[in-house]
Amino acid sequence: MIRINDILDQIHTYMPDADTSLVEKAYVYSAKVHAGQMRLSGEPYLSHPLAVAYILAQQKLDLSSITAGLLHDAVEDTLSTIEEIEEMFGPDVARIVDGVTKISQIRFQSKIEKQAENIRKMILAMSKDIRVLLVKLADRLHNMRTLQYQKERKRVKIARETLDIYAPLASRLGIDWIKRELEDLAFRYLYPEEYEELKQEVEARLGERKAYVEEVKEIISKKMAEYGLSCRVLGRPKHLYSIFRKMRRRNVSLDEIYDLIAFRIILKTVTECYEALGIVHSLWKPVPGRFKDYISLPKANMYQSLHTTVIGPYGERMEIQIRTEEMDKVATEGIAAHWLYKEGKVLKKDQQRQFEWLKRLMEWQKELEDPREFLESVRMDLFPDEVYVLTPNGEIKEFPMGATPIDFAYSIHTEVGHHCAGAKVNGKMVPLKYQLQNGDVVEIITSKHHKPSRDWLKIARTSRARARIRQWIKTEEREKSLALGKDLCNREFKKHRLDFAEFLKEDAEEVAKSLSFKTVDDMLIAAGYGKISPSQIVGKYVKLKHVEDVEELLEQDSAGASKQKKPQSEGIQIQGHDDIMIHLAKCCTPVPGDEVIGYITRGRGVTIHREDCPNVSSLEPDRKIEVTWTTDDDVNYPVMLNVVTADEKGMLAAVSNAISAAEANILEAKVYTTPDHSAHFTFLAEVRDSGHLKKVISGIKKVNGVMRVDRQASV
């Protein structure tokens, strides 16, 4: 357990003359308010704020940040108030603590909404003071280090959020060591079997390659010395999650990953960096297309380095990074390397670029009301890989990897995006799905007759473009649904010999409010979407007007409907509804235990998708509804599994037997082989829930010759 003296000693390593009385006062206060509270590990709760403060001191942050680290949970978990914190520790500390504090007093409709609002508040707070995020990252890092004490379901949820939100945030701030540790910890809990297997394999290989690493370092050092360059040479293994991600992206085994170790050459000046690059390329043959110059064109988080991949001394690929001492410090520590909160220090022009992504997040948190849309925009804007393209006038624009001319068009102006008819890249026409490359010169061709298509959502990568496309579709859908809702209600009113026009003039507003709608149009649009039925509107209206004969007729209709077979529920419950037809999406085959979302379709009830289904991002937010699973042990659900094995005799039988042994029924199986002597199986099997599915996957992995098992995200 970290002690207060450890924190004070760490502070004095970089601020020898610092007055730490405020930090010591915060320690005493935190110990007092958290007295008697325990963590799940069995340690006193005080161990957590102490660990957070120590992580902040390791980053050489200012005293206000470290003080806030000791107090960050006081308002949320004790009777302390922000006013009390401000009175005792000042407005600077209170502002950071308030920004980190979760919104625990407000009741939300769903977990997704709560997560979105917590992140929304954090973005607002860190836009005013980036130290809010630094404290939050330290808080998340210590929670991840002690995640083993949580229940499995919560472990997976926290690890997924860490991988999606907090690791990219650390990357955006350039704090590489926190990003790496967060990713590896999340990997450990999201894919425990793959983590342990990869960890053992990598450790074994690194043990075998110690002599090789030392040999390469010596060759580089001697060669640099021959040319009069003084340098440090490091050989560092890549972290586990980056290796795992590369294996998945390329669909290869660890044996086919040649650059497990990245070599780094650290020099004094930028000129020496380019000299060293020439020396390395004269020593070993460079791999075409594998050179990146992040010195002349830094990443958004101000990372600078030269990256090259060469064919090493034994014919294998090696990645080499070349940078100055200052660049290495920034690459590891990020924003903390040139701490901005020292007295009187302001952002330089080149440092302001580091926070452009934060401005984008600020824009979207104001515009995107739907929590899923907002979370998606956060994930997309935090995506670390960028491409840089040019306008015809030579202006540089930055986009996430995979961006298309659609994204470019919307970055210019919303109307340019809406009327985008085509694009020229480097003077040649390209399809709108073309993925922009570094250095492309892009020109957008517009036509007033062209309008956005729902298909654009599949190719747009930036949150700006996707939000604008959705907004346009939503407006179009709203108008269509309003017309459809009016038509359906008009028919229902006529059926009961009621005057719909009179209803709209006199009583529609009151009925809309009684059905919890803000406006009459909202009520009619909901009827058009299928969220409510026209008979519900008629029912409210006749009760309001006391039309007894119509009320009697409606009751007869209701009684007749109840005798009919109830719509199939598929083990799903929708709050406030028990008469809606439900079916499970075939694209992602959800099973009990999966996080799911409902989508209202026209005329087909509600379709249930997994939250991580790729198709969910293109669905209209207004037609998504919260749903939950009901327990029913007698129901089986179909799932699609992809299995990659060695191309050997008997593999189909062995894998099939493993599925059967796990008490799952195979509905369908497909197989094909590839030239690299591997076999690819696709099984459609029935399982009871996500726990049963894990058992099936675990059983398949135990079969000799099986290289990978994945649940298919979408078919």
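These legends describe close-up views of aromatic rings in a predicted model. Local features need pLDDT of at least 70 and side-chain atom pairs count only at pLDDT 80 or more, while totals for chains, interfaces and linings use all residues. Residues are numbered from 1 along each chain as its sequence is written, and side-chain values use heavy atoms, with hydrogens and water left out.

**View 1. A tilted pair, Phe-493 and Tyr-541.** Rings of Phe, Tyr and Trp (its six-membered ring) pair if their centres lie within 6.5 Å; planes under 30 degrees apart count as stacked, over 60 as edge-to-face and the rest as tilted. The count by this rule is 18 aromatic pairs. Here the ring centres are 5.5 Å apart and the planes meet at 35°, so the pair is tilted. Phe-493 belongs to helix H23 (residues 463-495) and Tyr-541 to helix H27 (residues 534-545), so the pair ties together parts 48 residues apart in sequence. Helices (H or I, at least four residues) are DSSP runs, numbered from the N terminus. Phe-493 has 0% relative accessibility and counts as buried. Tyr-541, at 5%, also counts as buried. Buried means under 20% relative accessible area (1.4 Å probe, protein chains only).

**View 2. An edge-to-face pair, Trp-629 and Tyr-637.** The centres lie 5.6 Å apart, with 80° between the planes. Trp-629 counts as buried at 19% relative accessibility. Tyr-637 counts as buried at 1%.

**View 3. An aromatic cluster.** Phe-187, Tyr-191, Tyr-195, Tyr-241 and Phe-244 make up one cluster.

**View 4. A charge over a ring.** The charged end of Lys-25 sits over the ring of Phe-89, 5.4 Å from the ring centre. The rule asks for NZ of Lys or CZ of Arg within 6 Å of the ring centre and within 35 degrees of the ring normal.

How values were computed. Helix = DSSP H or I, 4+ residues; strand = E, 2+ residues; numbered from the N terminus. Buried < 20%, exposed > 50% of the residue type's maximum accessible area, 1.4 Å probe, protein only.
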